[in-house]
Amino acid sequence: MRVFVTGATGFVGSHVAQALVDRGDEVVALVRARESWLGEIPGVKRARGDVLDAYSLAEAFSSPFDLVVHCAGLTSAPRNMDYYRVNALGTYNLVRALEKAPWRPGLVVYISSLAAAGPGEVNEECEERPLTPYGESKLYGEYFVVDSGLPCLVLRPPVIFGPRDTDVLQFFKLVKRGWAPAFFRKKRLSLVYVRTLVEALLFLLERGAQGTYFVADGTFSWWEVAERVSRIVGKKLRPFPLPQGFLVSVAGVSQFYRCLTGRPVLLSKEKVQEMRQDAWVCETSRLSSMGFVPSLSLDEALRETLEWYEEKGYL
């Protein structure tokens with residue numbers, strides 16, 4: 001199968017590209033300048049371009065593909081408009097290029113996010129209520145893909161962790177020192193290991209599935225996850241008070257810094273909005289009812305992630 005992958009230089013996209021190469025597919029990755037994690041994956045062909053450059057997409061689609069997997073996207077940005085520009089407009093450009101191509105893909109896969117559905121406890125039938133610009137931009141991307149009329153599969157993962165990730169890395173660093181905010185005890189969330197997400201994608205591809213699916217390894221509290229990590233690293237976990245009002249103040253300062261420098265920040269106003277929600281939980285019965293079972297337990301996935309961080313010198 002000939003597969004076109006966007007975002008293959010990033011965290012999720014590089015794992016998707018690796019899995020497709022491993023199963024024997026011909027993989028072509030859309031690459032701007034830096035190859036990042038893609039450099040570790042032999043056998044991937046490059047197509048120079050950008051989802052914001054319609055001409056480069058037309059060039060890339062001059063020859064047909066059986067499958068298009070759209071992983072490219074921003075999870076943090078210096079300005080809110082950048083989420084809409086990359087996640088929404090970039091997806092629109094991709095879809096328009098496919099519509100104009102002299103061929104039709106067998107399937108378009110869009111890696112979306114639980115953020116597109118919003119906080120609370122949700123399933124595929126719930127009305128979407130995104131909380132942040134990031135969530136809105138991912139939902140707009142879904143609309144563009146679904147409304148195109150092309151055969152499509154939309155995956156909505158929650159928080160993703162695993163090798164090559166740097167967003168959840170700060171959580172692992174904190175817990176390895178033996179600390180976790182006390183309010184973590186009350187916050188429930190779904191988590192997914194990057195390998196589980198890729199396994200679910202391949203599982204659904206093998207069955208010719210279409211539509212929208214949530215993918216997760218289960219639902220936990222942040223404190224429970226922190227306890228599991230602390231047991232693996234052999235540290236006693238100690239709670240420390242971190243008033244949410246303090247987080248709001250820090251986010252305000254970060255917002256000012258972001259405006260001055262144009263750089264993404266770790267603790268933005270939108271991130272605090274997400275953290276203040278009681279639950280980010282998705283139900284995965286639609287996927288599990290088809291017989292999907294992750295190959296690793298949460299503890300095994302956390303251990304693999306920690307070992308990779310230590311090997312690469314992140315911890």
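L89 lies in helix α3 (residues 80–100). L89 is partly exposed, at a relative accessible area of 39%.

## Basis of the model

This is a predicted model, in which local features need pLDDT of at least 70 and side-chain atom pairs count only at pLDDT 80 or more, while totals for chains, interfaces and linings use all residues. Residues are numbered from 1 along each chain as its sequence is written, and side-chain values use heavy atoms, leaving out hydrogens and water.

## Salt bridges

The structure has 18 salt bridges, each a side-chain nitrogen of Lys or Arg within 4 Å of a carboxyl oxygen of Asp or Glu. One of them pairs R188 with E121 (2.9 Å, N to O). This pair links distant parts of the chain, strand β10 (residues 188–193) and strand β6 (residues 120–122), the two residues being 67 residues apart. Helices (H or I, at least four residues) and strands (E, at least two) are DSSP runs, numbered from the N terminus.

R188 is partly exposed at 35%, whereas E121 is exposed at 56% relative accessibility. Buried means under 20% relative accessible area, exposed over 50%, and partly exposed in between (1.4 Å probe, protein chains only).
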